[in-house]
Amino acid sequence: MRVKIESTGGFTGRRAVVALYDTAALPAGPAVRIREAVDALAAAQARGDEGGEVGADLPAYRITVTEGGDAFGGGGSGEESRVFEVRGDPSKGVTSVLGTLLSGSGAADRPPGPDAT
């Protein structure tokens, strides 16, 4: 399972990739926590939960989960993607689903920052 988390919204409205995971490349513990967090998002979406606070200036996160295929954005056959939108402050609950996905339990492949060489 591959997970891409993009930050969208806030005052600037900019979109930035804040985390990328491939659970096949992670140790078992973090991989299980990420899968459980994605399952919790799917269950909340099925119940019709909006999953967050309301406000134009709040950060929003677009979480794309892809299963099958062989690489991020690879578009391989048999690839299935699900997209979740979550609004609010992830720091309000480090044990929250969004907090788990953003931290990745310390196992994220984070994109390089603007000053990376």
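1. Among contacts in the chain between residues at least 6 apart in sequence, what percentage join residues at least 24 apart? In this predicted model, the share is 62%.

2. The chain is built from two helices and four strands, and these elements follow one another along the sequence in the pattern β-β-α-β-β-α. Of the 117 residues in the chain, 32% are buried, while the accessible surface amounts to about 6900 Å², with 52% of that area belonging to carbon and sulfur atoms.

3. The whole structure contains four salt bridges, one of which pairs the side chains of Glu6 and Arg62 at 3.9 Å, N to O. Because Glu6 sits in strand β1 (residues 2–9) and Arg62 in strand β3 (residues 59–67), this pair ties together parts that are 56 residues apart in sequence. Glu6 counts as buried, at 9% relative accessibility, whereas Arg62 counts as partly exposed, at 26%.

4. Arg62 also forms a salt bridge with Glu85, where the closest N and O atoms are 2.9 Å apart. Glu85 belongs to strand β4 (residues 80–87) and Arg62 to strand β3, so the pair ties together parts that are 23 residues apart in sequence. Through shared partners, the salt bridges join Glu6, Arg62 and Glu85 into one network, in which Glu85 is partly exposed at 44% relative accessibility.

5. A further salt bridge links Glu67 and Arg35, with the closest N and O atoms 3.6 Å apart. Since Glu67 lies in strand β3 and Arg35 in helix α1 (residues 28–47), the pair ties together parts that are 32 residues apart in sequence. Glu67 is partly exposed, with a relative accessible area of 30%, and Arg35 likewise counts as partly exposed, at 36% relative accessibility.

Note on methods
Residues are numbered from 1 along each chain as its sequence is written. This is a predicted model: local features need pLDDT of at least 70, side-chain atom pairs count only at pLDDT 80 or more; totals for chains, interfaces and linings use all residues. Side-chain values use heavy atoms; hydrogens and water are left out. Buried means under 20% relative accessible area, exposed over 50%, partly exposed in between (1.4 Å probe, protein chains only). Contact means heavy atoms within 4.5 Å. Accessible areas come from the Shrake-Rupley method with a 1.4 Å probe; for residues, only the protein chains shown count as cover.
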